[in-house]
Amino acid sequence: MQEIKKLNVKVPQAYLDFMNQIFEIEKKISYLSEENSISRNINKIKGLLEEEFFKSASTLGFSYHNPLGEDYSETRTDCEATIAGEGTENLEIIEVIKPIIYISYYEFDKIMKSIVQPAVVIVKTRNI
Amino acid sequence: MESTINFGIDLGTTNSAIAKFVKGEVVIFSNPQDYGRNTLPSVVSYRKDKIIVGNKAKEFLEKDPKSVVGVFKRKMGTTESFKIKSINESKTPIELSAQVLKELKTFVNTGDNLDSTVLTIPASFDTIQSNATKEAGLQAGFKQVVLLQEPIAASLAYANMKKERELKDGQWLVYDLGGGTFDVALIKINEGEMKVLDHEGDNFLGGADFDNMIVEKILIPKIIQEYSFTNLEEEMKSASGKYNAKYYVLLRRAEEAKITLSSKTSAEIVIDGFEDEEGNEVDMEIVITRSEFNELIKQNIDGTIDMIKKIITRNSLKPNDIQFTLMVGGSTYIPYVRTRVEEVLQIPVNCEIDPTTAVAIGAAYYAATKPKEANKDGLPKKDTSISIKASYNKASKEKEELFAARITGNVENLSYRIVRQDGGYDSGLKKLSDRINEDLPLVDGAYNFFTLTVYDSQNNIIETDLEPIGINSGFGISGQPIPEDICLEVDDLDNPGRTRLKLIFQKNSILPLRSSTISFPLNKGMIKGNEADYIFINILEGSQHSLPEANKGIGFMEIYGTQLTRDVAKGSDIEISIAISESRDITINAYLNMADQEFKQTFNPKARHTPIEFLKEQVIDLSNKLEEEIQEATDNEDFETAATLNKLKKEMDQVNSDTENLTNDDVTDKRYQLEDKKRKIAQEIDAATKDKRIQQVKAHYYEIKDDCLKMLDDHGNDHERKTFNDIIAQEVAFFATNSPMKIQEKSDELSSIASRIRWRTPNFLKGVFSWCKNNQTRMNDQSQAKSLIDAGNFAIESENWERLAEINSGLLNLLPKGAEKEATTRIGFGL
């Protein structure tokens, strides 16, 4: 069987903390209705982090994903969940404390992603 | 084959870990499903079709206790068994422990055949409990299981870290406070033999209790103080409570704060995102100090100390009979636990070993001294190899993709597991059958690789012939490549007044495409309401190495002063992003930072957008350029080129007069024809003069290269030398592109190396400084200029060149706009 190379990187905690902060800001802005389009600046920062800041021959950068509202099951190892409420079936992510952070890197000419921080989430049975 | 056991397993009540002794050191295997964490929660979950062990099982422990089991270690050796609702079967603590052990086997990535191990047990385990643990090891497929008491394992880890295999005779305590259990043991060493003399413990005390206390005793009271809630605590803790989800958020925050308090003296907890009963938004920051936290857990810690006192009294010891208290378990990271235990008992605490992995590490050291028993059964290995035929879409834009496989061979008692390479998906261990179907979740915009591994009943890997499962969820699956480069026309800073191309999408990129945002400073200001002020954004299709005029315009957007909500200054940023859909619609999105305005336009290339005004401008530019080239070729006595260009001139003149005759509202397709003609002429000019331009840039390149080399020899450092050599190594390649722009780019890179070095050379810095001094009168802030110049004189005297460089840049900043450039060209540092 052919082996898949698994990316083995140790990302300094400060980078992750930095990404988590950007995520927090983005989360807070979503509650505001503001005229200064702060979200544009956030998107720009995210773009820089994803494509420019940590650019090297093999890596591209960091990006995050907010899994709010997505389905949750025990096969999702990209999230660390705490179950709220009574049920354990048909779970939905209702709160995201930390997002999923990926590192993108090149393998040959393909862009690959690897998780460097799983999300920390609260999940609950979906109201039908 | 190795002759000693070498593997050690800490089969803990709450967490387990596996380590191996390799050439004098112990390596601890990390949990492949848990981002480098070394431990596996000792929790097992049963589903209809699979068994899950570890973190994912733990998440369901509290809410689905009928199918998920934890802390079964406490029941080892009893006849009690756990009824599992989902599979309608009962599982014994031995079977559950065996599942944890089997899962730990999958951590081992060294290709070892795990047939023997050391397993640790609490000091309190009696013979029956110990035998039960051994049985669990055998059920997990180990042929040889050696037991070791946890406090001894921790002590061994300490002894080996100290490189003192033979510890002095004496006694010490092992204080083990983990996530959910507490144990303390008295260890005696006598002539090299280590023995547990006494022990005590509390099966219901650990770090999780501390998190709970923070929420109950600090956070909830403070929230109630500020906001109106009638029954917040109950609404939070009851599963059907209104704020149940918030309770878990608070627990997480409390845990973070607890960890912070181990290294800092205070921690903040932000509480927000819900409303109180009067509709007020809860938004508060609660600061917890270390002393508050200490006060909170004091009673619990004192409880553990009382147990130690009992041991001491029972064994008729005095505190100074005990050498130290060895701290083990994650909760001993808490400073208060360390100081309180030391303070009350007057016995020094020892925190030198990693408290979370010490037991597994000690077990591995012990394993290295235990010989392996010969393979008793001696039977040849069964040929269990099986063949898997898989079918799935190799490219998908769905969130999930169905994976189906047919298995040939004997699948009895085998199981399989599929994991995604980035660590984001784990199917869990499932029973293998002749056919399997699995929905695999995909990460958008990337290649997703999955591995399917088949295990036997004891979690040994069975070879299969299946290749890794690769599914592309990137952009452009089954999309079409673009036939030419797509570029943006930008100002050519090296040739004022000219433009060049900036590559946005490379030829053969797959549609749809979306560029990252490109920022440029505006080269001119625009006044609100002024129609004469405008910006053009021009997207061209064609080789990135040719002249802008030679390429086909496919998207063109104008922004006029009349559209602005405020004036924008020269030098303020414009952000441009470009997207091309699968149906080739081109969308230009431009954003003016200063005005905070966004402009968006979508083009369908079938209806080409060519404003006549812009065409006229281009035609004039091109004919001027042609004139210049003819003149230059004639001057250089390059008559061949001159003749070619003169021939073009006739066509150019025709295009010129035709364009001039076009009215601005011409509706015929004449403008497109003229544009095509213009483009063809530009291509021909490009071809005829390319040699010349290449010669020029090459000459320029060599000049800069020499200069840079000289600077490097005299003042360069290794890093700069490496950057230089990297560029030189590509020389053949970028010369071969025959692209003046590419070569120019490399010249720029070299000259930036040279200028970086130059900024460190005393002579240059002195030169800049004296130029600034001469221009002092023009500086914006005279008093600051004067103090900088004084400082500069001093820096020269004391030969502090770093300081001088800082002063120079300070001085240059004081110059009026534009004068700075003057300095740049005059002194010759291309910054």
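Reader: What makes strand β15 and strand β16 of chain B a pair?

Author: In this predicted model, 9 bridges join β15 (residues 266–275) of chain B to β16 (residues 281–289) of chain B, and the two run antiparallel. Two strands pair if DSSP finds at least two bridges between them, so these strands count as paired. Strands here are DSSP runs of E with at least two residues, helices are runs of H or I with at least four residues, and both are numbered from the N terminus. One detail of the pairing is that B:Asp272 stands opposite B:Asp283 in β16(B).

Reader: What lies between β15(B) and β16(B)?

Author: The two strands form a hairpin with 5 residues between them. In the turn, B:Gly279 has a positive phi of about 85°.

Reader: How do you know which residues and chains these labels mean, and which parts of the model count?

Author: Residues are numbered from 1 along each chain as its sequence is written, while chains are lettered from A and ligands numbered from 1 in the order in which they are written. Because the model is predicted, local features need pLDDT of at least 70 and side-chain atom pairs count only at pLDDT 80 or more, whereas totals for chains, interfaces and linings use all residues.

Reader: How do you know how confident the predictor is in chain B?

Author: From pLDDT, the predictor's confidence in each residue, from 0 to 100. Chain B averages 83, and 93% of the residues score at least 70. Over residues 824–831 of chain B the pLDDT is below 50. For the model, ipTM is 0.74 and pTM is 0.61.

Reader: What makes a residue of chain A count as buried, and how many do?

Author: A residue is buried if 20 or more other C-beta atoms lie within 10 Å of its own, exposed if 12 or fewer, and partly exposed in between, with C-beta atoms placed from the backbone. Of the 128 residues of chain A, 34% count as buried. Chain A has 2 helices and 7 strands.

Reader: How do you know which residues of chain A are in contact with chain B?

Author: Two residues are in contact if their C-beta atoms, placed from the backbone, lie within 7 Å. By that rule, 36 residues of chain A are in contact with 41 residues of chain B. The largest share of the side of chain A that touches chain B, 6 residues, comes from β6(A).
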